[in-house]
Amino acid sequence: MASAGEHTAALLQVQEEYTTDGSLDFDGNPALKHRTGGWRACRSILGEFLLLSVEVDFSKINFIVIFTCTDFCYCLAFYGISSNLVTYLTGVLGQSNVAAARNLSTWQATCFVMPLAGAVVADSYWGRYRTMVVSCSVGVAGMIMTALSAYLPLLVKNGASFTSSNMVSVQEFVLFLGLYLIAVGLGGLRPCLMSFGADQFDDGDPSERVHKGSFFNWYVFNTNCASLISRTGIVWVQDHYGWALGLTIPVAVHAVGLFCLVAASRTYRFQPTRGSPLTRVCQVVVAAVRNSGIEPPTDSSLLYELPEYDSDMKGVQRIDHTTDLRFFDKAAIVAVSDKEAAAPALCSPWRLCVVTQVEELKILARMLPLWATVVFFYAVSAQVSSTFLEQGMAMDATVGTVRVHPASMSTFEVLTVIVLVPLYDRAFVPVARRLTGRGKGVSDLQRIGAGLAMPVLAMAAAAIVETVRLRAAPGKISELWQAPQYALVGVGGVLTTIGQFDFFYSQAPPAMKTVCTALGFLVVAAGDYLSSFLLTVVQWATTTSGRPGWIPDDLNEGHLDRFFWMMAGLGCLNLMAFVSCAARYKYRKPC
């Protein structure tokens with residue numbers, strides 16, 4: 001009987017085990033492991049695709065089974081609008097190709113810049129969950145506006161007060177109002193969905209820490225599945241059944257995603273906010289500059305740090321002092337004037353900062369050079385919808401008896417990601433884990449570095465194809481020869497895209513998780529801008545003296561292959577820069 005009682009007590013103790021990372025449940029109480037977080041929560045965040053590949057204990061799932069969930073729905077809705085938006089702008093609103101391309105590029109860049117603002121709001125004020133709910137609601141409102149722009153001609157036809165003369169201008173106003181509402185909504189959703197999903201796994205539990213590494217793999221897998229469905233199914237509906245229905249579907253899908261997010265609220269784990277991260281960073285810089293004439297002490301224990309029982313340190317994860325970037329240590333020097341004032345704790349944070357706050361800035365400073373080297377990967381990825389497409393348009397688009405539009409070749413990139421993510425997570429990681437002893441098989445920086453080699457190979461493959469195309473008769477080379485370059489970009493996405501999201505999240509200070517995750521989206525916008533800059537420079541440098549340049553309207557008169565070789569060379573230099581930065585990087589914790 002005693003042994004049975006002990007067994008029952010032990011079982012109850014396991015069932016009542018709390019998380020070790022300070023996360024809370026929906027009611028603000030310490031989160032219980034068996035009731036919150038894990039894959040049970042991510043199932044509603046990512047979507048049902050997880051169930052095809054992740055081991056889930058169904059006996060622990062105590063909420064409604066939902067098939068389509070927040071991330072999958074938002075991606076499906078977003079790509080359902082963005083994939084065919086140029087056609088809507090040119091075919092319905094009558095914009096020129098240049099104007100439509102410019103409007104699309106500006107909107108997409110805004111969609112990748114806004115996450116930084118949304119991340120600051122989430123980390124500073126609202127928290128990730130509330131930011132997601134508000135942002136998702138704004139996104140639904142924006143999609144309603146875009147759908148309304150397609151319904152306006154029907155309202156006129158049925159006797160509404162609009163006249164046909166001003167219909168296009170009204171449609172444009174309603175459409176762009178909706179599009180930029182969507183951009184605001186994405187600003188809160190994109191960084192918060194990823195970081196909030198990763199929050200569902202306790203870093204202090206080795207088994208959950210392993211699953212957190214898998215989470216980022218399945219996040220990108222989920223996104224690419226949604227993208228594939230949107231670019232085929234929803235675009236087909238828009239082309240065959242009209243824009244009114246084609247833009248209504250994303251509204252309904254995104255609304256379902258909002259419902260899924262709220263429906264599973266009690267299964268989530270929540271991290272408390274700790275004030276504005278940007279303010280904390282600025283305080284360190286200002287305090288360090290004020291103390292610039294003082295040399296930091298060799299004994300780090302003399303630097304200012306509050307005791308753990310202090311109310312200001314409640315819920316704050318202390319970060320140990322590091323010896324590099326010593327200039328910022330000056331922000332934590334207790335000057336003579338501070339001692340005489342009364343007590344250091346009463347000093348303004350703009351004059352004196354704790355060591356943990358200084359270390360937060362150091363972590364960001366260490367990550368920025370690595371972030372900069374990842375920008376080039378997305379400059380190459382931008383070629384998928386620009387120079388790769390232009391190259392394909394100069395090739396034979398007939399496959400057998402079927403004509404395949406050059407834009408459809410990007411499917412090879414998406415399919416590569418969809419195929420490789422499960423293989424990476426379920427085959428490569430377990431084998432590598434046994435060989436290296438790392439929970440993720442390889443470190444995040446090793447994964448990113450391998451991915452940064454892919455743009456070099458993709459550009460080299462594109463250059464070879466272009467050289468062969470120029471030597472052959474015009475239109476005689478099949479566009480299927482482009483498949484390897486698209487696939488190599490996809491391989492790079494599996495390695496670099498997932499690796500950098502995992503790296504930024506795992507290395508981020510606890511108070512800056514969402515902001516650092518937003519860096520992973522900001523780098524995409526930076527890559528697009530870099531691509532535009534490189535194309536502009538090449539066009540300016542190669543069209544002097546009346547020459548057609550490397551990338552003329554008629555590619556048969558140019559040398560697109562030289563541009564690809566130039567990008568391959570820049571990729572090699574970028575890879576060397578990354579290796580140099582990675583070798584000097586000091587991990588906050590193993591990853």
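This is a predicted model: local features need pLDDT of at least 70, side-chain atom pairs count only at pLDDT 80 or more; totals for chains, interfaces and linings use all residues.
The protein has 591 residues, of which 52% count as buried. Its secondary structure consists of 17 helices and two strands. Among contacts with a separation of 6 or more, 80% are between residues 24 or more positions apart. The accessible surface amounts to about 26000 Å², and carbon and sulfur atoms contribute 64% of that area.

Salt bridges number 12 in the structure. A network of them links Asp-324, Asp-329, Glu-359, Lys-362, Arg-366 and Lys-586. Within this group, Lys-586 pairs with Asp-324, and the closest N and O atoms are 4.0 Å apart. Because Lys-586 belongs to the segment after helix H17 (560-584) and Asp-324 to the loop between helix H9 (277-290) and helix H10 (336-341), this bridge ties together parts that are 262 residues apart in sequence. Both partners fall in the partly exposed class, Lys-586 with a relative accessible area of 34% and Asp-324 with 23%. Lys-362 is in helix H11 (residues 355-381) and Asp-329 is in the loop between H9 and H10, so parts 33 residues apart in sequence are tied together by the pair. Here both residues are buried, Lys-362 at 0% relative accessible area and Asp-329 at 2%. A further salt bridge joins the side chains of Asp-123 and Arg-128 at 3.6 Å, N to O. Asp-123 is buried at 5% relative accessibility, and Arg-128 is buried at 9%.

Aromatic pairs come to 25 in total. The ring centres of Phe-377 and Tyr-378 are 5.0 Å apart and the planes stand at 90°, so this pair is edge-to-face. Phe-377 has a relative accessible area of 3% and is buried; Tyr-378, at 8%, is buried as well. Phe-388 and Tyr-486 are likewise edge-to-face, because their planes meet at 75°, with the centres 5.4 Å apart. This second pair links distant parts of the chain, since Phe-388 lies in helix H12 (residues 387-393) and Tyr-486 in helix H15 (residues 483-507), 98 residues apart. Phe-388 is buried with a relative accessible area of 0%, and Tyr-486 is buried at 1%.

One aromatic cluster is formed by Phe-201, Phe-215, Phe-216, Tyr-219 and Tyr-505. The ring of Tyr-505 also has the charged end of Lys-513 over it, 4.5 Å from the ring centre.

Asn-217 is located in helix H7 (residues 206-241). With a relative accessibility of 2%, Asn-217 counts as buried, because the limit for that class is under 20%. Its side chain makes a polar contact of 2.7 Å with the side chain of Arg-447. Leaving aside residues up to four places away in sequence, Asn-217 touches Val-421, Tyr-424, Asp-425, Arg-447 and Ile-498.

Key. Residues are numbered from 1 along each chain as its sequence is written. Side-chain values use heavy atoms; hydrogens and water are left out. Rings of Phe, Tyr and Trp (its six-membered ring) pair if their centres lie within 6.5 Å; planes under 30 degrees apart count as stacked, over 60 as edge-to-face and the rest as tilted. Buried means under 20% relative accessible area, exposed over 50%, partly exposed in between (1.4 Å probe, protein chains only). Helices (H or I, at least four residues) and strands (E, at least two) are DSSP runs, numbered from the N terminus. A charge sits over a ring if NZ of Lys or CZ of Arg is within 6 Å of the ring centre and within 35 degrees of the ring normal. Contact means heavy atoms within 4.5 Å. Accessible areas come from the Shrake-Rupley method with a 1.4 Å probe; for residues, only the protein chains shown count as cover. A polar contact is a pair of N or O atoms within 3.5 Å; within protein, one must be able to donate a hydrogen and the other to accept it, and residues adjacent in sequence count only if both atoms are side-chain atoms.
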